[in-house]
Amino acid sequence: MRALTLIKCTVAVAALGSLVACGGNKSILRGKPATERPNQYTDPTNPNNLDTENTIWNAFNRKSTETNVLVNKYIWAATIEVLDFLPIQTIDPYTGVIVTGYGTPPNGGRSYRATVLIKDPALDARSLNVALQTRGGTAPAATTRAIEDAILSRARQLRIADNKL
(Lines give C-alpha, C1' and ligand atoms only; values in the text may rest on other atoms or scores of the structure.)
Protein backbone atom coordinates (compact mmCIF):
# COMPACT_ATOMS: atom_id res chain seq x y z
CA MET A 1 0.00 0.00 0.00
CA ARG A 2 2.83 2.39 0.87
CA ALA A 3 4.58 1.57 -2.41
CA LEU A 4 1.44 2.50 -4.37
CA THR A 5 1.14 5.80 -2.48
CA LEU A 6 4.83 6.52 -3.10
CA ILE A 7 4.42 5.83 -6.84
CA LYS A 8 1.34 8.09 -7.02
CA CYS A 9 3.20 10.92 -5.27
CA THR A 10 6.21 10.49 -7.55
CA VAL A 11 4.03 10.62 -10.66
CA ALA A 12 2.20 13.70 -9.34
CA VAL A 13 5.49 15.52 -8.59
CA ALA A 14 6.87 14.59 -12.03
CA ALA A 15 3.70 15.81 -13.73
CA LEU A 16 3.79 19.06 -11.77
CA GLY A 17 7.48 19.52 -12.60
CA SER A 18 6.88 19.01 -16.30
CA LEU A 19 3.96 21.43 -16.19
CA VAL A 20 6.14 24.08 -14.54
CA ALA A 21 8.87 23.44 -17.12
CA CYS A 22 6.41 24.15 -19.93
CA GLY A 23 5.67 27.60 -18.54
CA GLY A 24 6.95 30.46 -20.63
CA ASN A 25 7.78 32.88 -17.82
CA LYS A 26 11.05 31.64 -16.37
CA SER A 27 11.95 35.10 -15.06
CA ILE A 28 9.95 34.38 -11.91
CA LEU A 29 12.24 31.46 -11.19
CA ARG A 30 15.31 33.67 -11.62
CA GLY A 31 14.04 36.33 -9.22
CA LYS A 32 13.18 38.90 -11.92
CA PRO A 33 9.78 40.56 -11.96
CA ALA A 34 7.33 39.07 -14.44
CA THR A 35 6.88 42.46 -16.12
CA GLU A 36 10.44 42.50 -17.50
CA ARG A 37 10.59 41.23 -21.07
CA PRO A 38 13.51 40.64 -23.37
CA ASN A 39 13.91 43.13 -26.21
CA GLN A 40 12.83 40.59 -28.79
CA TYR A 41 9.26 40.88 -27.50
CA THR A 42 9.11 44.63 -27.14
CA ASP A 43 11.26 45.85 -30.02
CA PRO A 44 8.89 46.82 -32.88
CA THR A 45 11.69 46.52 -35.47
CA ASN A 46 12.38 42.87 -34.59
CA PRO A 47 10.71 40.59 -37.17
CA ASN A 48 10.30 37.91 -34.50
CA ASN A 49 8.33 40.27 -32.28
CA LEU A 50 5.32 38.58 -30.81
CA ASP A 51 2.02 40.39 -31.18
CA THR A 52 0.72 40.89 -27.65
CA GLU A 53 -2.62 42.18 -28.94
CA ASN A 54 -3.37 38.84 -30.57
CA THR A 55 -5.25 36.52 -28.22
CA ILE A 56 -7.40 33.45 -28.64
CA TRP A 57 -10.50 35.64 -28.39
CA ASN A 58 -9.43 37.66 -31.45
CA ALA A 59 -10.06 34.57 -33.56
CA PHE A 60 -13.76 34.94 -32.78
CA ASN A 61 -13.87 38.71 -33.31
CA ARG A 62 -13.46 38.90 -37.06
CA LYS A 63 -13.97 42.45 -38.21
CA SER A 64 -14.23 41.61 -41.88
CA THR A 65 -16.07 38.73 -43.45
CA GLU A 66 -14.41 39.32 -46.81
CA THR A 67 -12.08 36.56 -47.90
CA ASN A 68 -9.74 36.78 -50.86
CA VAL A 69 -9.81 33.65 -52.95
CA LEU A 70 -6.56 33.29 -54.86
CA VAL A 71 -7.78 30.72 -57.35
CA ASN A 72 -8.39 31.27 -61.04
CA LYS A 73 -12.10 30.79 -61.59
CA TYR A 74 -11.66 29.58 -65.16
CA ILE A 75 -9.14 26.89 -64.21
CA TRP A 76 -11.38 25.90 -61.31
CA ALA A 77 -14.46 25.50 -63.50
CA ALA A 78 -12.49 23.78 -66.27
CA THR A 79 -11.02 21.28 -63.79
CA ILE A 80 -14.46 20.32 -62.56
CA GLU A 81 -15.72 20.00 -66.16
CA VAL A 82 -12.78 17.98 -67.48
CA LEU A 83 -12.69 15.64 -64.48
CA ASP A 84 -16.47 15.22 -64.29
CA PHE A 85 -16.10 11.43 -64.62
CA LEU A 86 -14.30 11.33 -61.25
CA PRO A 87 -16.32 11.53 -58.03
CA ILE A 88 -15.31 14.57 -55.98
CA GLN A 89 -14.24 13.70 -52.45
CA THR A 90 -12.90 17.01 -51.16
CA ILE A 91 -13.13 20.46 -52.65
CA ASP A 92 -11.75 23.66 -51.14
CA PRO A 93 -11.95 26.84 -53.23
CA TYR A 94 -10.00 28.86 -50.64
CA THR A 95 -6.85 26.76 -50.92
CA GLY A 96 -7.49 25.66 -54.51
CA VAL A 97 -7.47 21.91 -53.82
CA ILE A 98 -9.72 19.36 -55.49
CA VAL A 99 -9.39 15.70 -54.48
CA THR A 100 -11.34 13.05 -56.36
CA GLY A 101 -12.01 9.38 -55.90
CA TYR A 102 -11.38 6.63 -58.43
CA GLY A 103 -13.33 6.77 -61.68
CA THR A 104 -13.03 5.45 -65.21
CA PRO A 105 -12.99 7.92 -68.12
CA PRO A 106 -15.50 7.41 -70.93
CA ASN A 107 -14.29 4.70 -73.33
CA GLY A 108 -11.40 3.96 -70.95
CA GLY A 109 -10.42 0.80 -69.21
CA ARG A 110 -8.22 2.09 -66.40
CA SER A 111 -9.54 3.92 -63.34
CA TYR A 112 -7.86 7.07 -62.09
CA ARG A 113 -8.04 9.44 -59.19
CA ALA A 114 -6.74 12.99 -59.15
CA THR A 115 -5.53 15.64 -56.77
CA VAL A 116 -5.51 19.11 -58.30
CA LEU A 117 -3.91 22.23 -56.85
CA ILE A 118 -4.70 25.62 -58.34
CA LYS A 119 -2.19 27.88 -56.66
CA ASP A 120 -2.39 31.20 -58.46
CA PRO A 121 -5.13 33.51 -59.75
CA ALA A 122 -3.40 33.81 -63.14
CA LEU A 123 -4.62 31.82 -66.12
CA ASP A 124 -1.25 30.19 -66.56
CA ALA A 125 0.16 26.67 -66.72
CA ARG A 126 2.22 27.37 -63.60
CA SER A 127 -1.02 27.89 -61.67
CA LEU A 128 -2.11 24.29 -62.14
CA ASN A 129 -0.67 21.12 -60.58
CA VAL A 130 -2.32 17.77 -61.28
CA ALA A 131 -1.35 14.52 -59.56
CA LEU A 132 -2.96 11.52 -61.21
CA GLN A 133 -2.94 7.99 -59.81
CA THR A 134 -4.11 4.62 -60.97
CA ARG A 135 -4.89 1.69 -58.70
CA GLY A 136 -1.41 0.38 -59.49
CA GLY A 137 0.50 3.58 -58.65
CA THR A 138 1.19 6.88 -60.35
CA ALA A 139 -0.23 7.49 -63.80
CA PRO A 140 2.11 7.99 -66.77
CA ALA A 141 3.43 11.51 -67.15
CA ALA A 142 1.92 11.76 -70.64
CA THR A 143 -1.56 11.09 -69.23
CA THR A 144 -1.11 13.70 -66.51
CA ARG A 145 0.14 16.22 -69.07
CA ALA A 146 -2.85 15.48 -71.33
CA ILE A 147 -5.23 16.16 -68.42
CA GLU A 148 -3.43 19.43 -67.60
CA ASP A 149 -3.58 20.50 -71.26
CA ALA A 150 -7.29 19.68 -71.44
CA ILE A 151 -7.98 21.71 -68.29
CA LEU A 152 -5.99 24.72 -69.52
CA SER A 153 -7.60 24.59 -72.98
CA ARG A 154 -11.07 24.49 -71.46
CA ALA A 155 -10.16 27.33 -69.06
CA ARG A 156 -9.08 29.50 -72.01
CA GLN A 157 -12.35 28.69 -73.80
CA LEU A 158 -14.34 29.70 -70.71
CA ARG A 159 -12.42 32.97 -70.44
CA ILE A 160 -12.97 33.80 -74.13
CA ALA A 161 -16.67 33.02 -73.79
CA ASP A 162 -16.86 35.17 -70.64
CA ASN A 163 -15.20 38.15 -72.37
CA LYS A 164 -17.62 38.04 -75.28
CA LEU A 165 -20.55 38.72 -72.98
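**Notes on the predicted model**

1. Helix 3 (residues 73-82) packs against helix 4 (residues 141-164) at an angle of about 125°, and the two axes are 8 Å apart. The structure in question is a predicted model. An angle of 65 to 115 degrees would count as roughly perpendicular and one over 145 as roughly antiparallel; helix 3 and helix 4 are therefore oblique to each other. The crossing of helix 3 past helix 4 is right-handed.

2. The buried residues of helix 3 are Tyr-74, Ile-75, Trp-76, Ala-78 and Thr-79. Their cover includes helix 4 as well as strand 1 (88-92), strand 2, strand 3 and strand 4 (128-134).

3. The N-terminal end of helix 3 is capped by Asn-72. In this cap, a side-chain oxygen lies 2.8 Å from the backbone nitrogen of Tyr-74.

4. Ser-111 is placed in the loop between strand 2 (97-100) and strand 3 (112-118). Is Ser-111 buried or exposed? Its relative accessible area is 15%, and since buried means under 20%, Ser-111 counts as buried. The side chain of Ser-111 makes a polar contact with the side chain of Arg-135, at 3.2 Å. Apart from neighbours within four places in sequence, Ser-111 is in contact with Tyr-102, Gly-103, Thr-104, Gln-133, Thr-134 and Arg-135.

5. Gln-89 belongs to strand 1. With a relative accessibility of 58%, Gln-89 is classed as exposed, because the term applies over 50%. When neighbours within four places in sequence are left aside, Gln-89 is in contact with Val-99, Thr-100 and Gly-101. The C-alpha atoms of Gln-89 and Tyr-102 are separated by 9.7 Å, and these residues are 13 residues apart along the chain.

Methods. Residues are numbered from 1 along each chain as its sequence is written. This is a predicted model: local features need pLDDT of at least 70, side-chain atom pairs count only at pLDDT 80 or more; totals for chains, interfaces and linings use all residues. Side-chain values use heavy atoms; hydrogens and water are left out. Axes are lines fitted to C-alpha atoms, for helices over the stretch in contact, and angles run from 0 to 180 degrees between N-to-C directions. Helices (H or I, at least four residues) and strands (E, at least two) are DSSP runs, numbered from the N terminus. Angles under 35 degrees count as roughly parallel, over 145 as roughly antiparallel, 65 to 115 as roughly perpendicular and the rest as oblique. A crossing is left-handed if the near helix is turned anticlockwise from the far one by less than a right angle, and right-handed if clockwise. Buried means under 20% relative accessible area, exposed over 50%, partly exposed in between (1.4 Å probe, protein chains only). A polar contact is a pair of N or O atoms within 3.5 Å; within protein, one must be able to donate a hydrogen and the other to accept it, and residues adjacent in sequence count only if both atoms are side-chain atoms. Contact means heavy atoms within 4.5 Å.
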